[in-house]
Structures are given as C-alpha cells and as structure tokens.
Amino acid sequence: MSHIPPDLKYTKTHEWVRRLPDGQLEVGITDHAQEALGDLVFVEVPEPGRTLAVGEAYGVVESVKAASDVYSPLAGSVTAVNTALASAPELINQDPYGRGWLVRMRSDSQQGELLSAADYARVLEAEGE
Amino acid sequence: MAFIPHTPEDVAQMLAAIGVERIEQLFDEIPPALTIGALSEVPEALNEMEIGRLMSERAQLDGRALCFIGAGAYEHHIPAAVWALATRGEYYSAYTPYQAEASQGTLQTIYEFQTMIASLAGLEVANASLYDGASGFAEACLMAVRINRKSRSKRILVARSLHPHYRRVARATVGNQGLTLEEIPYLADCGRTSLEALAAHEGEDIAAIAIQQPNFFGVLEDVDALSSWARARGIAVIAVVNPTSLALLKPPGEWAGRADIAVGEGQPLGVPLSSGGPYFGFMASRLEHVRQMPGRIVGRTLDATGRPGFTLTLQAREQHIRRGKATSNICTNQGLAVTAATIYMSLMGARGLERVAAASHARTHELVDALTRVGGVSRAFEAPFFHECVLTLDRPAGPVLAALAGRGILGGFDLASDYPELGHALSVCATETKTARDIETYAAALAEALRPARAA
Amino acid sequence: MQLHSEKVIFEHGRPGRGAHDQWPRESPPPDLPQELRRARPPLLPEVSELTAVRHFTRLSQLNFSIDTHFYPLGSCTMKYNPKACNAYAMLPQFLARHPLAPESHGQGLLACLFELQEMLKAVTGMQGIALSPMAGAQGEFAGVAMIRAYHASRGDSARTEIIVPEAAHGTNPATASMCGCTVREIPVGPEGDVDLEALRAAVGPRTAGIMLTNPSTLGVFERNILEVAAVVHAAGGLLYYDGANLNAILGKVRPGDMGFDVMHMNLHKTFSTPHGGGGPGAGAVGVSSRLLPFLPIPIVDRHSGGFRWLTEGDRPQSIGRLSAFMGNTGVLLRAYVYMRMLGREGLRQVGEYATLNANYLLARLRAAGFEAAYPRRRASHEFILTLKRQARELEVTAMDFAKRLLDFGVHAPTTYFPLLVPECLLIEPTETESKESLDDFVEAMARIQREAEQEPEHVRTAPHNMVVRRLDDVRAARELDLTWRPPASN
C-alpha cells in the first residue's frame, strides 16, 4: 500500500498539493507515482514565473522505463522550483512528499476540486493498486 | 524447401505433439473465405545458381560508368576491411541491442561511432544514426522546435542553397505537424546565402535557421556571419554538413554562432553508392539538448560487479515507451551502415580522412579547370568551393549529359528542374578516386559533345 | 563466445599510427579561406589496420546473432538471412551505381525493383507498392499520411482521429502524432480480439482510420477482422495494416482481402533482409486503388522502352519524397533475391512452417508447465507465455528468465512488449529453425524453471556467462557517458 499523508490534497493524475504557512502551494508527485515509475533519472521543471492553467502539463519526470508529464493541479503561477532535482532526481523516490517537491506556486483558486486523502485512496483502489 | 529444414518425420512428430493431423488445422481460426490458394502471379522458385546468374546479367547490363556526380552521394574508396568485417554474421544478423549483455559488440561499436561523429561535428553528443541525411534534416527541424524555450514558433528559415531533396523530404515529414520551412535566397554572383535576406527577418519569431556547408553548389557559406546572426537572436542553428569535409573545415560546433544541431549524410564514410541506399544520417548536438534528440543513444555504465559495459539509454523518450508523446516514431537506426562507417573512420583516422578531403578538393579543382577550358563551359559562381562545383553550359545540360552517358561518363547532375534560375547549369564532382586520365577523358568527351553547335 | 571485453578503440591508438595503405597519396594543401578551416583535428582512432581488424572482429564476437544463436524475438521475425541475398545485392556494379545516374544506366536494377513491387502486390493483395520508406516506422508514417491526404482530397478535414488497440506497438500512436492526428485507444477482449462494441462506439465523423496488426501483437489472429473492416469503412474511415506480423500469414491470407486499404511491410522481418544490429531496414508500403495517387515517390514504372522512375511531376498528389534518393536500394535487392529464391511455393510455406513451429513450441512449453496468455487460442507465428505465477510465487520475473536464457546460448524472447500482458515472454521461432533447436529451447526453459524453484537467486542475478553482468540502466541515464573522452581532459 502506498503512503498517502492525510493532511495533503491530491489529483487523479497522482499529484499532491500542500498549503504552506505563507499561502503558497507546494506540489509534487505521490508515492504511488514514484513507485510506478521506478528510479527517476531526470526531472524537467519549468521556469519560475510561468503561469499555468489547471491540468496543464508543466514538466516531465523520467525513469528508465517511462517518462510522464506532470500536470498542474490548479491555475496559478510558479514561484519556485526545486533545483536540487537537477542533480538528484532520486529525491522524489526517497522522499516524494518532502525533499522531492517539484514546484511552489501561488493560486487564487479554491482547493475544492482537489481530492482528499481518502478519495485519492479510493482512486488507487479502483485502479487496482 | 528454401531455408526450411523440416523433414516429413519432423512434421509428423510436431503435429502429434500439438494434437492435430494437418498443418492446415493450425489456421482454423481464420475465416475460410480469406484463405488464398496458390500465389499464381509470383514466379516459380529459382535455385541459388539461377538467381545468381540472373543478378549477374542485370548487374552487367548496368555496367560501371565513370562517375562525376556528387549532389549528396559521393564515391570514395572503401577499404576492403570495412565490408569484410561489417558482413560478419555477428554484425550482419544481430538484432537491435535491447538485451545489452548479448550485444556488447554492437553497443560498443555505436559508442565509438558516437564519439567520432560528435568530435567531427565539434559538438558534445551524437545519436546512433537516423535513416539518411534528408530524414535526419527533417528530424533536426522537429528537434529545433522542441528545444525552443522562448516561444512555440514553428517557423524554420532554410537556405535555398540546401539540398533540394532534403527540403522536400523535410516538408513531407514535418508539414503535418504544422512546421513551415521558408526559403532564404542565395546571391547570384557567389552562390552563398544572402545575409541581407536573412536579416530581413529581424524581430520575427523564428525557431531555427538551417545552413548547409559546403552548400549544394559546393560553395563555402559564410557560416560565422549566418550563425552569429541567429545566435544573437536566440534562434537555433541547424547545420547540414558533409562528414569528409569536416576533416578540413571548421565544424558546426566551432562556428561563431555555435550550432545547436548538426546533421548530414554519412554515406561518404565507407558506405557504397548503391543507387541511393542504405545510407545513414548522423546527428550531433549540444549536450543540453540531448533529451530532445530522436533515435537511439548508447551510453557507458557499470554492470553488477562494477565492470564497464554499454547499453541503450535515454529510451524513455522513444516510441516504445512514450508512445503518443515520443520525440519521433523512429524505431531503428542504420546499424550495419554505422558499423561500416565506424570501421572506415578507424582505418582512416584524422590524417587519412584529411587526405581524402584534400585529394577530393584537389581533383575537383583540376576537373573544373579542365572543363572550363572547353569552349561554352564556365563556372556559375565566383566563390571558394569545396569538393563540387556548378558549371554553366551554352546549351541545356540534359542532352549533353545523355551524350556523355552514351560514352560511359556520368558527367554531373542537371540543375534545370531544381534551380531553373541558373540557366543551363550542372553540378560536377571529383573525389580522390578520379585520376588525371579520368579527368582528361571527361574533358575530351565534353569538348566533342559541345562541338557540333559551335561549328555551326 | 568471447568472454574478454575490448578496450575502446581510442585506447588502442598511438600518435602517428595509421592504416597508411588506405590513405590517398598527398595532395597539394587545399587553398581554403583561413577562417573556414578546422583548427584542431577531430578525435578519430590512430591504429594500424591489423589493430582495427582485431578490434572489430573481437567486438563482433561479443554479439548474439542469427548466424550464431537461436533468436526467438517475438514480433521481430529473426529468420535466417541467406548469404546469397547479400552476395548478389553486393555485386560491384550494383554497389557502384550513383543514385542520380540516368535510368539508361540502371535498367538491370530497375527490373529487379519493378519485379519486387509486383511480387509484393501479389502476396499482399494490394494494388500499388512504393519501396522508398527506409524502415517500418517510416512506412507507417507514409501510410497514415496517405490516409490524411485521402480525406483531405475529399474535403473531409475533420477526420483527424486514429483508432489503435490498446495492445498496439508504440510506433503506432507515435506515428499518428507525427502526422498531426490524435489517438484513440480501444480495449481488447479477454481472448485477444478487438472489442467490437467499443469499436462501434469509437468510430464517427472524426475517424480517419484504424491501425491494426493481424495477427495482433498478442500473437493471435483477429477473428473479427471482416466485421472490424465493415464498421470502420461504414463510418468513413480507412484501415491501416501494420505488417510486423506478416510472416504468420504469408502465402495464406492477404491483407488486401481482409479489407485493409493501406499497409507497410517490414522487409527486414518477413523478407529476411539483415537486421544489422539495428538496421538498415526497409518499410515498403502497399495501397488499394483509392490511395494509389498518394503513394510516396519515387516508384518504378514499366513502359514499352523499359523501366523508369515516377517522381513528383508524375504523381502530383503524392504525399511526397521520404528519402533523399530512392530508399534503401541495397536492402530492396536482398528482398528481391529472397523472394525469387522462395518463389510461389516457398512463400506459401513460410506462413505454414512459421505457424507450425510456433504451435509446436507452445504445446511443448505448456506440457512443461508454462502458462500461455491465451490458452484457448491457436498460436500464429508467435505466442505469449505469462510468468506472472513465477513472479508472484517465486519472485522470479520474465526479465530474469530472459537473462538466464542468455547463459544457455539463446537470445531472450521479447519481454518489454506487449504491455498488456504482465510478465510476458513473446516468442517467435520463425520457419527456419529446426525441431532440435526448438526442443533445446524447451529444455533450457524447463531447467530455468527448476532453478527458479530451487535456487531463485541464481536466476535473479543472471546472466552469469556473458562478458558483462546485468547493467545499471539507472546509472546510464543519470550519469550520462555517451562519448569517450581522453583521460587528460577529465
């Protein structure tokens, strides 16, 4: 069973969202996603300042066997990217909800469209995890 | 039965193991209406002796003319060792090296090839090859659009002096993805791409420019000025280059506006003319673009005991993994041709390749001198040229070439349909394979072919 | 098998060494403008001819190949490459001919290519053939481009969707994207047939066509093919045939008769041209009459005076030129010799014996305890075993079996594909393998199964007898080492 922290929000495409104290949002991919991909070898992140629409593909996570797009969970603009991933993509495998964060963003939308931890767990069950 | 080893006893035992009585039963899932009878339109089988004779007769029919055509395919001497080694069964009948442990020969050969090509091009990385120079150019256009960080532009400016077939192949390949290829004209006096015409695109959103060096006319372009113009505006530079010439000429990685991508036709490196194929396209690029490079790439790594070994890498970009989002649909490289080229480059080394280039340069100049001494023949362009040259005649080139062909001389490539603005023009080429006597033979035959109209 | 690895060739070099006999004599130094000259020589080896010959000979000995090993790679058709095909394609006059030489100096070659076109028409049931695509993937590109061109010519520009079964090979959706189309996947039923209900729901006014392989990538014949064709045609779409599995039905069934409008063939599979370590192939395409105007050029035509090329001027609606010249001519000549040596009777036997070998191997492997992915179906020329039970109970995967097979001198079957079947081995023996070769394979698989039960770690860490052990793919992609660099510059 993959790890799904209860205090985060999720998307059907296996991204997680954390609200930071200063109101920014931190985004990454879930434990299930990193497990499915395998050892990550490369991560492509956007430039800070880029505006994103909800569901827009903004980067790529690449392993030996797969390269997947990552999608923006909300509309907003990128305020920071995790530059450590350039030399250590394995951070995502080791700590997908912590040091493996992908981008931080500012968004005006509500988080209402995002899934709770319980809902995401149900998504994984339906997929036959 | 050709190449099928089964005896009737084998067949009987096999059918018994399967649990059927006749081979036809193995096809019982196929709707009977679809099953055909005999292939009556296909001729009866020939044994090896018979097909050998037929092929010899046809080959002799085609003969071997004295060839002075370049235009994208070049006759160079191929050392005997190249194909003696490349046709070894272990290279010839091996598959794509997906099981790396069983393919170290092929993989290491490709790694060595990548090293040589990257160095020839003056860039950091190269792939395991593409189908040919023309499709390689099409792939370079697609790659240039992908690497464009500053915009989504799909406009590529392409020199008109770039090989006409390459431009057509690129259009056929990239048109469906919305890319446009716009021509930049050349200057009529020197045959070089017009920097002024390029500069007229100032301020426009362009993804890349594409320059050939030497260009299709054999003329040497001002690559520094053209590439600098693009570089200063954040426009990618695609260089289409001849690999033999890179032994002498400044490579794309050292142009003043350093090229992003270099492609070209690898045939001159040990691959026979063979009526156009199989050849191979090479591609090299800056390291920062490697993940956008199509085709296969070999990397060196370690095995479970820490020994070095080779494997296909960066495959996540390729069709079998990314499927609809692949960088390209390309599934193969030109394995055997690449093997031959790697052996050729190993036998030649830098000095041997330089000799080939210098000799080709010298012979072409001698050819042009000899031919322009014939009345009615002149050079089309006043400019330094390398390895091939455009001449203009006092009458259409077509019938002249036909007359020469009748005497066993392939005099050059008629430019009338691709470059009508040049008038009666033809492209000629002489490589290190041509002797002084060959050149004399051509000049004499040309003089005779042009004589009747002049006497009138 | 060579067990000693080879240094990289640059490491064999010494300054001043070279294969001097191969170099032309010195020429006058070229008078090139200084600013265009190369400043430093490129990094190419400095070795004698003997060193180069030893190096590449030894490297070749590190390879598995059809000439040396059984190679049951599913979907790749690793049949014997007859030496005669190579010998006659490499006759000196064929090798020496420039692609732009006039047709008058190519009638021998053009006769071979024309006859090849005609024979391919006969075995596929298509009305027109183009030989220029240089690989299966390029043939696919041509096929989908022709479908688009056809719809465009009828003013039907809404048709941009290509339907693909979920088991399709990765090139199919990649090709569709390259042609500016979107891809719509439909499911495959439990017995391996395309889901007809899903297909009926998927077709409509946006359907450009469907891409299918038959037998499918699951190794089974698409039994409903005539209904599939009817559904797609009724909706206004066209059918594209991926010829990767043509070997199964060669001489028995023709794609044209199944209702396909356009197809590509892999000459390096079905028609035995060499795989060459990954190419060069040739992906000839065939079309029904309504797509004839769109064929890529050039095409060989016969007229009263002999043979000639049809090019842009002759075929104004052609999708265009895909190759600088006329495709992989040398490969085409090998396919021609092969087809002439088989003739009408031999070509018919290809499908029969490929299918016999596959069904025999399947029966013996099942008898040895292995699980077929589609146990109620006949094998075509290939079949799938699933090792999901071994993976679950013994923690030994299909990849582990594949690696251990290398130690037994057999190149592993296809393991990464199709994605639909977990822990699969896609096995295609081809018709040129003897019964003994197949029996040896069954023996090897049975032994590995016993090892998996008794000493699984030995299988998990295979191969043991190759020049390298399992390679670190992750390291290869993370720490890119794609070109050799001289030690001083590290």
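This is a predicted model: local features need pLDDT of at least 70, side-chain atom pairs count only at pLDDT 80 or more; totals for chains, interfaces and linings use all residues.

Me: What makes Ser75(C) a buried residue?

Reply: Count its neighbours. Ser75(C) has 22 other C-beta atoms within 10 Å. Residues are numbered from 1 along each chain as its sequence is written, and chains are lettered from A and ligands numbered from 1 in the order written.

Me: Where does Ser75(C) lie, and what is its phi?

Reply: Ser75(C) is in the loop between α1 (49-60) and α2 (83-89) of chain C. Helices are DSSP runs of H or I with at least four residues, strands are runs of E with at least two, and both are numbered from the N terminus. The phi of Ser75(C) is near 75 degrees, a positive value in a residue that is not glycine. Most residues other than glycine have a negative phi.

Me: Which residue of chain B has a positive phi although it is not a glycine?

Reply: Ser274(B) does, with a phi of about 40 degrees. Ser274(B) sits in the loop between β7 and β8 of chain B.

Me: How do you know whether Ser274(B) is buried or exposed?

Reply: By the count again. Ser274(B) has 26 C-beta neighbours inside 10 Å, so it counts as buried.

Me: Why is helix α12 of chain C described as largely enclosed?

Reply: Look at its residues. Of the 10 residues in α12(C) (residues 398-407), 8 are buried, so the helix is largely enclosed by the rest of the structure. Among the buried ones are Phe401(C), Leu405(C) and Leu406(C), but also Asp400(C), Lys403(C) and Arg404(C). They pack against β12 (424-427), α13 (435-454) and α14 (456-460) of chain C. After α12(C) comes Gly409(C), with a positive phi near 80 degrees.

Me: Why are α5(B) and α11(B) called oblique?

Reply: Start with the angle. Helix α5 (residues 104-121) and helix α11 (residues 335-372) of chain B pack at about 60 degrees, with their axes 9 Å apart. Axes are lines fitted to C-alpha atoms, for helices over the stretch in contact, and angles run from 0 to 180 degrees between N-to-C directions. Under 35 degrees is roughly parallel, over 145 roughly antiparallel, 65 to 115 roughly perpendicular, and the rest oblique. The pair falls in the rest, and α5(B) and α11(B) are therefore oblique to each other.

Me: Which residues make the contact between α5(B) and α11(B)?

Reply: Those of α5(B) include Ile110(B), Phe113(B) and Met116(B), and those of α11(B) include Val338(B), Ala341(B) and Met345(B). Contact here means C-beta atoms, placed from the backbone, within 7 Å. The residues of this contact divide into 6 nonpolar, 5 polar and 1 charged. Nonpolar covers Ala, Val, Leu, Ile, Met, Phe, Trp, Tyr, Cys and Pro; charged covers Asp, Glu, Lys and Arg; the others, Gly among them, are polar.

Me: How many residues does the contact between chains B and C take from each?

Reply: It takes 162 residues from chain B and 172 from chain C. Helix α11(B) gives the largest share of the chain B side, 20 residues. That side divides into 84 nonpolar, 53 polar and 25 charged residues.

Me: What makes Pro96(A) buried?

Reply: Pro96(A) has 25 other C-beta atoms within 10 Å, so it is buried. Pro96(A) lies in the loop between α2 (90-94) and β9 (103-106) of chain A. Beyond its neighbours within four places in sequence, Pro96(A) is in contact with Gly28(A), Ile29(A), Thr30(A), Asp31(A) and Gln34(A).

How values were computed. Two residues are in contact if their C-beta atoms, placed from the backbone, lie within 7 Å. A residue is buried if 20 or more other C-beta atoms lie within 10 Å of its own, exposed if 12 or fewer, and partly exposed in between; C-beta atoms are placed from the backbone.
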